[in-house]
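Hello,

Here is the structure I promised to pass on to you. Have a look at it first, and then read on for what I found in it.

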Amino acid sequence: MSGRCVAKFDHYCSTIGTVIGERNHARFWWFLLFETATLAWAMAAVQSGFHDTKAEVGVWMHYNGHA
């Protein structure tokens, strides 16, 4: 922790390394929104590389194992 007194203390975020409080609460929510959007985009990019195959594990691994 930082050892500082923070107005409307919410929590300490170890990911960005700072205390979340009154002055940066809105920016923290924007950060979460953009991180969620980036994760959704990345998952869609990975999913788009898979080939649609039969529901057999061996066939699916043959076409999609490299991905």
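The structure holds two aromatic pairs, where rings of Phe, Tyr and Trp (its six-membered ring) count as a pair if their centres lie within 6.5 Å. One of them is formed by Trp-30 and Phe-34, with 5.9 Å centre to centre and 25 degrees between the planes, and is stacked. On the terms for the planes: under 30 degrees apart is stacked, over 60 is edge-to-face, and the rest are tilted. Trp-30 and Phe-34 both sit in helix α1, four residues apart, which is about one turn of the helix. Both residues are exposed; here exposed means over 50% relative accessible area, buried means under 20%, and partly exposed is in between (1.4 Å probe, protein chains only).

A word on the basis of all this. This is a predicted model, in which local features need pLDDT of at least 70 and side-chain atom pairs count only at pLDDT 80 or more, while totals for chains, interfaces and linings use all residues. Residues are numbered from 1 along each chain as its sequence is written, and side-chain values use heavy atoms, with hydrogens and water left out.

The protein chain averages a pLDDT (the predictor's confidence in each residue, from 0 to 100) of 81, and 90% of the residues score at least 70. Confidence is highest in helix α1 (residues 25–48), at a mean of 91, and lowest in helix α2 (residues 57–64), at 78.

As for the fold, the protein chain has two helices and two strands, in the order β-β-α-α from the N terminus on. Helices (H or I, at least four residues) and strands (E, at least two) are DSSP runs, numbered from the N terminus. Buried residues make up 10% of the 67 residues in the chain. Among contacts (heavy atoms within 4.5 Å) with a separation of 6 or more, 0% come from residues 24 or more positions apart.

On the surface, Val-46, Phe-50, Val-57, Trp-60 and Met-61 form a nonpolar patch with about 470 Å² of accessible area together. Accessible areas come from the Shrake-Rupley method with a 1.4 Å probe; for residues, only the protein chains shown count as cover. Helix α2 gives the most to this patch, with three residues. Phe-50 lies in the loop between α1 and α2 and is partly exposed, at 32% relative accessible area.

Two other spots are worth a look. Asn-24, in the loop between β2 (18–20) and α1, counts as buried because its relative accessibility is 19%. Beyond its neighbours within four places in sequence, Asn-24 is in contact with Thr-18 and Val-19. Lys-8, in the segment before β1 (11–13), counts as exposed at 66% relative accessibility. Not counting residues up to four places away in sequence, Lys-8 touches Ile-20, Gly-21 and Glu-22.

Best wishes

Notes. Patch = residues over 30% accessible without salt bridge, like charges linked within 9 Å, V, L, I, M, F, W, Y side chains within 5 Å. Salt bridge = Lys/Arg side-chain N within 4 Å of Asp/Glu carboxyl O.
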